[in-house]
Amino acid sequence: MTIRLQYNEHCKTEWVTRFAPSPTGALHLGHVASALFGWKLAQPGGQWLVRMEDIDPQRCKPAYATALLEDLAWLGLVPDGPVLYQSTRMAVYGAVLDTLEHMGVLYPCFCTRSDIARESAAMFSAPHTAPDGSLLYPGRCRQLDAHTRAQRMAQGQPYVLRLHMARAMECARTLARTRSGGEHGGAGACGPLTYHDLACGPVPCQPELFGDVVLARRDVPASYHLCVTCDDATQGVTLVTRGEDLRPATSLHRLLQTLMGWPAPHYAFHPLLCDATGRRLAKRDGALSVRAMRQSGLSAQQVRDKAVFAAAPHGSAPLQG
């Protein structure tokens, strides 16, 4: 099996990588390609781990998680350690939120999605969207005083917890200066926030493009961004492998890592596996499942061969075979 990407020359490093699906449906070829990408980079002497990102109780089901692990095992992809389930770690995420709150970089937001949409539509400057396509928060609740916030919370008004981006970035700069302590002559750690792309080296971070992101809400007590950075640190991940669609979010994750004092892993990005029409493979669009391919008589090797990335422009790769 060969993954024809520019990262092959780095495979001699003993990386700790992870595959982190959300158990909301069946394993499909896009998942397999992503899993193989991280598995390949962990060879020959590293570790390939599995994490179930099951923080959404409405969409994530234990039966899906069991089926995902069964299909991975059939493909010969067995994790080099225990599977981590995010749903068991809510107390850990709560402690992280407490730490950020004590830093003064969180605030409650009482605005509804419709409130944000109306306010955003009334503004004349552009753009109003974050890199992930979500609406940028205009900042109404950021201006509330402590008394008003406490009063609204005491009245039981629903709210989310947002990261005060400007304060967070200033706090991160201060922490970087403190932690460097002159060890590197005041350079490097005190410079602009970056992440290290395995293919091209340091990349400047722009977390401010996300605005005051939500880190917790009532139905899901911790956001993807918070959980993924916390869990990468917990699992000792040294190389985060992810699709090109998550490249912008890496800036936000590096900010959270800096605030919490978590290690900064390296990053490797893979294209998105698409069907013959160029549409990204996704569960919601009925992408053919590994289980269906197994039942049709395909071997594990044949399925792996179909899930190999070929070099392609614009962060996408056509389906092989």
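**Burial and helix packing in a predicted model**

Modeller: At 1% relative accessibility, Asp197 counts as buried. This is a predicted model, where local features need pLDDT of at least 70, side-chain atom pairs count only at pLDDT 80 or more, and totals for chains, interfaces and linings use all residues. Residues are numbered from 1 along each chain as its sequence is written, and side-chain values use heavy atoms, without hydrogens and water.

Colleague: Happy to start there! What makes Asp197 "buried"?

Modeller: Buried means under 20% relative accessible area (exposed is over 50%, partly exposed in between; 1.4 Å probe, protein chains only). Asp197 has 1%, so it counts as buried.

Colleague: And which side chain does Asp197 join in a polar contact?

Modeller: That of Arg247, at 3.0 Å. A polar contact is a pair of N or O atoms within 3.5 Å; within protein, one must be able to donate a hydrogen and the other to accept it, and residues adjacent in sequence count only if both atoms are side-chain atoms.

Colleague: Why are α3 and α8 called roughly perpendicular?

Modeller: Helix α3 (residues 90-103) and helix α8 (residues 247-260) pack at about 80°, with axes 11 Å apart. Angles of 65 to 115 degrees count as roughly perpendicular (under 35 roughly parallel, over 145 roughly antiparallel, the rest oblique), and α3 and α8 are therefore roughly perpendicular.

Colleague: Nice! Why is helix α7 described as largely enclosed?

Modeller: Eight of the eleven residues of α7 (residues 224-234) are buried, so the rest of the structure largely encloses this helix. Among the buried ones are His225, Cys227 and Asp231.

Note on methods. Axes are lines fitted to C-alpha atoms, for helices over the stretch in contact, and angles run from 0 to 180 degrees between N-to-C directions. Helices (H or I, at least four residues) and strands (E, at least two) are DSSP runs, numbered from the N terminus.
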